[in-house]
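User: Hi, I'm new to reading structures and would like to go through this one with you. Could you take my questions piece by piece?

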Amino acid sequence: MEKVAVRNIRLCTKDCLCLYVCPTGASDTENSIIDVNKCTGCGLCADACPSGAISLVPKEYPPQQPKTDKVKAALNRMAQNKADEEKLAETVAENSESDVLYRLMKAVSKSQRLVAEDLMREAGYMLPQSKNTHDLLKDLAKNPSTADAANKLLSMIECNESKPKKWVCEICGYVHEGDNPPEQCPVCFQKVFKEE
């Protein structure tokens with residue numbers, strides 16, 4: 001499986017050892033995002049990073065594991081709770097006069113965000129190739145303030161779950177792929193199709 005290096009900028013402590021070990025210069029970028037076009041997936045940068053900010057990830061992800069609406073709703077509720085707890089911890093930290101309480105609440109805030117991100121990933125919203133993410137981006141594209149960024153992401157990231165519908169002729173079993181069934185079956189000339 002072909003892999004590339006990615007950097008979690010929030011974990012990066014700017015030790016910059018990755019710059020010295022990367023044989024292609026993929027990690028030496030203005031915006032701190034590793035250039036996947038230059039990256040060969042050798043892993044030297046990930047091994048050298050003292051803060052564990054660099055990971056190797058597959059170039060192509062498998063489709064999102066299917067989940068029922070009930071499971072997705074539960075994951076979304078839990079993620080929303082974590083987001084609310086993160087905001088609460090941030091508020092307590094900003095209004096605290098105690099340095100110890102400030103640092104504790106900042107740590108709590110960060111931990112709540114990490115858990116929320118894991119929950120959102122499980123719900124299918126953090127795999128860029130998932131249908132859930134594409135549906136979310138399509139909604140964001142309707143809003144003038146987020147349309148440009150959402151449309152750019154939609155043009156860059158192909159959805160790996162967009163499979164064509166299958167229509168089966170109930171008479172002869174012929175299978176047609178497409179958004180709609182054909183006018184009539186090309187084998188038995190009947191018009192009785194059901195979606196598979």
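User: What order do the three strands of the open sheet come in?

Analyst: The order is β4-β3-β5, and the pairing in this open sheet is antiparallel. Strands here are DSSP runs of E with at least two residues, helices are runs of H or I with at least four residues, and both are numbered from the N terminus. Two strands count as paired if DSSP finds at least two bridges between them. Before we go on, please keep in mind that this is a predicted model, in which local features need pLDDT of at least 70 and side-chain atom pairs count only at pLDDT 80 or more, while totals for chains, interfaces and linings use all residues. Residues are numbered from 1 along each chain as its sequence is written, and side-chain values use heavy atoms, with hydrogens and water left out.

User: Which strands are at the edges?

Analyst: β4 and β5 are the edge strands, each of them pairing on one side only. On average, neighbouring strands of this sheet are turned by 30° against each other, with direction ignored; such angles run from 0 to 180 degrees between N-to-C directions, and the axes are lines fitted to C-alpha atoms, for helices over the stretch in contact.

User: How many bridges join β3 to β4, and which residue is the partner of V168?

Analyst: Three bridges join β3, residues 166–169, to β4, residues 175–177, and V168 has V175 as its bridge partner in β4. The hairpin made by these two strands has five residues between them, and G173 there takes a positive phi near 90°.

User: Changing topic, which residues make up the largest nonpolar core?

Analyst: That core has 12 residues, namely V4, A5, C18, C22, A26, I34, C39, C45, C49, A53, I54 and V57. β1 (3–7) and β2 (54–58) each supply at least two residues of this core. Apart from it lies another core of five residues, among them W167, C169, C188 and F193. A nonpolar core means a set of buried Ala, Val, Leu, Ile, Met, Phe, Trp, Tyr and Cys residues joined through side-chain atoms within 4.5 Å. Buried stands for under 20% relative accessible area, exposed for over 50%, and partly exposed for anything in between, using a 1.4 Å probe and protein chains only.

User: What does A26 touch, leaving out its neighbours within four places in sequence?

Analyst: With those neighbours set aside, A26 is in contact with I33, I34, D35, K38 and C39, where contact means heavy atoms within 4.5 Å.

User: Now the helices: how do α5 and α6 cross?

Analyst: The axes of α5 (residues 131–141) and α6 (residues 147–156) come within 7 Å and cross at roughly 145°. H134, L137, K138, L140 and A141 in α5 meet A147, A150, N151, L153 and L154 in α6. By class, this contact of α5 with α6 has seven nonpolar, two polar and one charged residues; Ala, Val, Leu, Ile, Met, Phe, Trp, Tyr, Cys and Pro count as nonpolar, Asp, Glu, Lys and Arg as charged, and the others, Gly among them, as polar.

User: Which residues of α5 are buried, and what do they pack against?

Analyst: N132, T133, H134, L137 and A141 are buried in α5, and the buried residues of this helix pack against α3, α4 (99–123) and α6.

User: Where is T146, and is T146 buried or partly exposed?

Analyst: T146 sits in the loop between α5 and α6, and T146 counts as partly exposed because its relative accessible area is 27%.

User: One more loop, then: where is K59, and what does K59 touch?

Analyst: K59 is in the loop between β2 and α3 (69–94). Not counting residues up to four places away in sequence, K59 touches E2, K3 and V4. Its relative accessible area is 41%, so K59 is partly exposed.

User: Which residues have a positive phi although they are not glycines?

Analyst: K14, with a positive phi of about 60°, is one of them, and S32, with about 70°, is another. K14 lies in the loop between β1 and α1 (17–21), whereas S32 is in the loop between α1 and α2 (44–48).
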